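Here is a short briefing on a model.

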Amino acid sequence: MQTEWSVRAISRSMVPILLALTLVEIGSGLVLGRFEGALLRSPSLLVLVPVTIGTAGNLGSVLAARLSTAFHLGTLAFAPTDDQLAGNALATVALSLTVFPAIGVGAWLLAEVTVGARLGLGTVVAVALASGAALAVLAVVVTLVATYAAYRFELDPDDVVIPVVTNVCDVLGVLVLFASVALLV
Amino acid sequence: MSVREVAVGAYREGLPALSASVLGGLLAGVVLGGMRGEFRAVPGLLVLVPALLATRGNVYGSLGARIATGLHQGLLEPRIRGADDRLYRAVAAAISNGLLASAFAATVAFLVLVGLGEPVASLPVLVAIALLAGLLSGSVLAVCVVAVVFAGYRRGYNPDPLVGPIVTTAGDVFGVAFLLLAVRLVLLGGS
């Protein structure tokens, strides 16, 4: 059932979830605020913030979209032996381990040429790779839980799972980045 | 299909979009990396960043999905000139919802930071920055989303998979760039 194309109808269907997601994101902003000092001291870490958040959200949303399609086509079973499930989870981890080292190198280079990086290349790549590995696992878990919950509550995973997964992964992106910086810098 | 085949297929399909959004995220990061002075001048601004960027993705991602569905259903024609009123209403709803969420984010961030006893800029400054950034980036993103979905549809691409990566990439870049502009304008107006 499609909402009517009026400003009021669109807003009514959208505003509650939008405001709820905004609250979740303020939570991640508060975590970011906790390590504002470290971020402002090291431009390369500040460069990492949007790309880590965005990539974490995208890893989750790509997986959610694929599982949602498989679910609609009836080719998905919620069992650890399911090929669709295992294959897509594996691809998410592989994608993350491919892009995050590149993100680390990119962030360091860009900070170096623009304002001058304070941290070494190795440290920034290690922070990016550690964050990426942890985020891939978390994105898989969050997506599976959300898709399964949508299936149990008979909601269309297209409507619910993608925004929830994207925003939860955004928050986890900040938390994981915070943890990696605390451990490695 | 075996696990390996599924994994290889998903990897190949996911890599281009993910790489595009990584480039956008890094560009946004460069702008953010150059904003250290602004973050020091407006305490609490950094707390707002994830909420403002996510709002762009949520609002304009949904606008893109809605337009793509409208095209599939024949409710919309893929042209801007003489466009259907539905298109204008969907864009107006997206921009006004984006502004509402931005002002809400600024207010909540202000209240929480005051409650925690953390340093924070005044409420009017934060709300003004959030609204101005929301209006500027929202207008540009609405045009981007409509143009890309229409162009993709006219060339025979399914607009659905185009929307997500475009909105996250453009949302990050324009979101941060217009945030910087909004901070500078508000600081200029306030001093």
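This is a predicted model: local features need pLDDT of at least 70, side-chain atom pairs count only at pLDDT 80 or more; totals for chains, interfaces and linings use all residues.

Residues are numbered from 1 along each chain as its sequence is written, while chains are lettered from A and ligands numbered from 1 in the order in which they are written.

**The helix pair**
- The crossing of α1(A) and α3(B) is right-handed (the near helix is turned clockwise from the far one by less than a right angle).
- On the α1(A) side, the contact includes A:M14, A:L18, A:L21 and A:E25; on the α3(B) side, it includes B:L46, B:P50, B:N58 and B:S62. Two residues are in contact if their C-beta atoms, placed from the backbone, lie within 7 Å.
- The residues of this contact divide into 14 nonpolar, 7 polar and 1 charged. Ala, Val, Leu, Ile, Met, Phe, Trp, Tyr, Cys and Pro count as nonpolar, Asp, Glu, Lys and Arg as charged, and the others, Gly among them, as polar.

**The chain interface**
- Chain A gives 58 residues to the contact and chain B gives 55.
- On the chain B side, α1(B) supplies the largest share, 18 residues.
- That side of chain B divides into 34 nonpolar, 16 polar and 5 charged residues.

**The core**
- The largest nonpolar core has 131 residues. Such a core is a set of buried Ala, Val, Leu, Ile, Met, Phe, Trp, Tyr and Cys residues joined through C-beta atoms within 7 Å.
- A:A107, B:L48, B:A105, B:A109 and B:I129 touch the most other members.
- Beyond four places in sequence, the contacts of A:A107 include A:L48 and A:V124, plus B:L26 and B:G29.

**Chain A**
- Chain A has 6 helices and 0 strands (DSSP runs numbered from the N terminus: H or I, at least four residues, for helices; E, at least two, for strands).
- Buried residues make up 52% of its 185 residues (buried: 20 or more other C-beta atoms within 10 Å of a residue's own; exposed: 12 or fewer; partly exposed in between; C-beta atoms placed from the backbone).
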